[in-house]
Amino acid sequence: MSEILQELLRVSEKAANIARACRQQEALFQLLIEEKKEGEKNKKFTVDFKTLADVLVQEVIKQNMENKFPGLEKNIFGEESNEFTNDLGEKIIIKLCSTEEETAQLLSKVLNGNKSASEALAKVVHQDVTFADAALDSIVINIPQDLMGIWVDPIDSTYQYIKGSADIQSNQGIFPSGLQCVTILIGVYDIHTGVPLMGVINQPFVSQDLNTLRWKGQCYWGLSYMGTNIHSLERAISKRNGSEKRTENSNPESESSSAFSAVISTSEKETIKAALARVCGERIFRAAGAGYKSLCVVQGLVDIYIFSEDTTFKWDSCAAHAILRAMGGGIVDMKECLERHPDSGLDLPQLLYHLENEGATGVDRWANKGGLIAYRSRKRLETFLSLLVQNLAPLETQA
């Protein structure tokens, strides 16, 4: 249903506007500044402003989608709770009210009467946004609405968002940190099978006008359903290759044998880093944000995003997974991949999005427990896994 994808693009841009406004409007920026003072949380505010920005973005996405597609909200899930308790012990449910004035009044309760900040935030929340992709106009596809679940990560890489570094230099197009690592992630999955169907990644801070200091962003999307695979990077690929449209493996032999590149977290295990060094040489990049690292794979800046820990969640990976599926790639469970015998004939263990982890509580119910590997080419992934296993074995023996 391309209408839903068009609306997801629009609400992701609305969310990006909120994220940008919180950095660019003085009344809101001053609240963000408070977040930098570690150890001395501002007693004036009922809730840290970062959480409020997160929740507002999440609620804007949920309520806009519900307005356009009644009944969908019950299947939209996110990281944040929208319930706050103020200094008087009152429980306040954050929601998008019917008017800007009502939303400002509600936000004022949470921000302990900070009128200018509440009004500035309500104004951007209620601003209408026109945002679409003409490529979707020609797509006729019917995905039943009651089949869809949606994972939302309203502001991924919140530490980079609060820190707000705008002058970080990229390394071969990959930013190790800074505002470019901030993403808004919306992933649609089949609630019966857990398979990702549609994904939107909005990168609110891509380039900054040095005169106005205003930021422009970029949006990426993909759809994979019943044999239909389409994504926003197809035109970019076509332009790069002239009139010839590139398929996923235009030259499989040369592609599978060329050097690998990977993006990793700064907290990756030493054994994994050592094995990767043998597989990728110096083509290992470090970057902040699970969403941004996945986006680096989507953009073709690296072959692989690998993370061995269990501290990413369904909302971190669903959007990129759907886009990568549309490109012929995917996101797999790293632990299961390493335990899987390459000649077993078993399918790759793709991440699924509909089931909780047994015995887990809290957010851990939705953790990607076995770590993950994001990739664009299955053939490249198979070769990479073979090399990684070979190079991990001697390291594990030494340990």
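**Hairpins, rings and a helix pair**

Reply: The hairpin of E6 and E7 has 6 residues between its strands, and within this hairpin Leu213 takes a positive phi near 65°. The model is a predicted one, in which local features need pLDDT of at least 70 and side-chain atom pairs count only at pLDDT 80 or more, while totals for chains, interfaces and linings use all residues. Residues are numbered from 1 along each chain as its sequence is written, and side-chain values use heavy atoms, with hydrogens and water left out. Strands (E, at least two residues) and helices (H or I, at least four) are DSSP runs numbered from the N terminus; two strands pair if DSSP finds at least two bridges between them.

Strand E6 covers residues 196–208 and pairs with E7 in the antiparallel sense over 8 bridges. One point of contact is Ser207, whose bridge partner in E7 is Lys216. Strand E7, residues 215–225, is mostly covered, with 8 of its 11 residues buried. Buried here means under 20% relative accessible area, exposed means over 50%, and partly exposed lies in between (1.4 Å probe, protein chains only).

E7 also pairs with strand E8, residues 228–231, again antiparallel, over 4 bridges. In that pairing Tyr225 stands opposite Thr228 of E8. The hairpin of E7 and E8 has 2 residues between the strands, and Met226 takes a positive phi near 50° there.

Next come the aromatic rings. Rings of Phe, Tyr and Trp (its six-membered ring) pair if their centres lie within 6.5 Å; planes under 30 degrees apart count as stacked, over 60 as edge-to-face and the rest as tilted. By this rule there are 8 aromatic pairs. Among them is the tilted pair of Phe77 and Trp151, with 5.6 Å from centre to centre and 50° between the planes. Because Phe77 lies in strand E1 (residues 76–78) and Trp151 in strand E4 (residues 148–156), this pair ties together parts that are 74 residues apart in sequence. Phe77 is partly exposed, at a relative accessible area of 32%, whereas Trp151 is buried, at 3% relative accessibility.

Trp151 also forms a stacked pair with Tyr189, at 6.3 Å centre to centre and 25° between the planes. Tyr189 belongs to strand E5 (residues 183–190) and Trp151 to E4, so this contact ties together parts 38 residues apart in sequence. With a relative accessible area of 4%, Tyr189 is buried.

Two rings have a charge over the face, which requires NZ of Lys or CZ of Arg within 6 Å of the ring centre and within 35 degrees of the ring normal. Lys314 lies over Tyr353, at 5.6 Å from the ring centre. Arg380 lies over Phe260, at 4.1 Å from the ring centre.

Last, the helices. The axes of helix H1 (residues 2–24) and helix H5 (residues 115–126) come within 9 Å and cross at roughly 155°. Axes are lines fitted to C-alpha atoms, for helices over the stretch in contact, and angles run from 0 to 180 degrees between N-to-C directions. H1 is therefore roughly antiparallel to H5, a label for angles over 145 degrees, with under 35 roughly parallel, 65 to 115 roughly perpendicular and the rest oblique.
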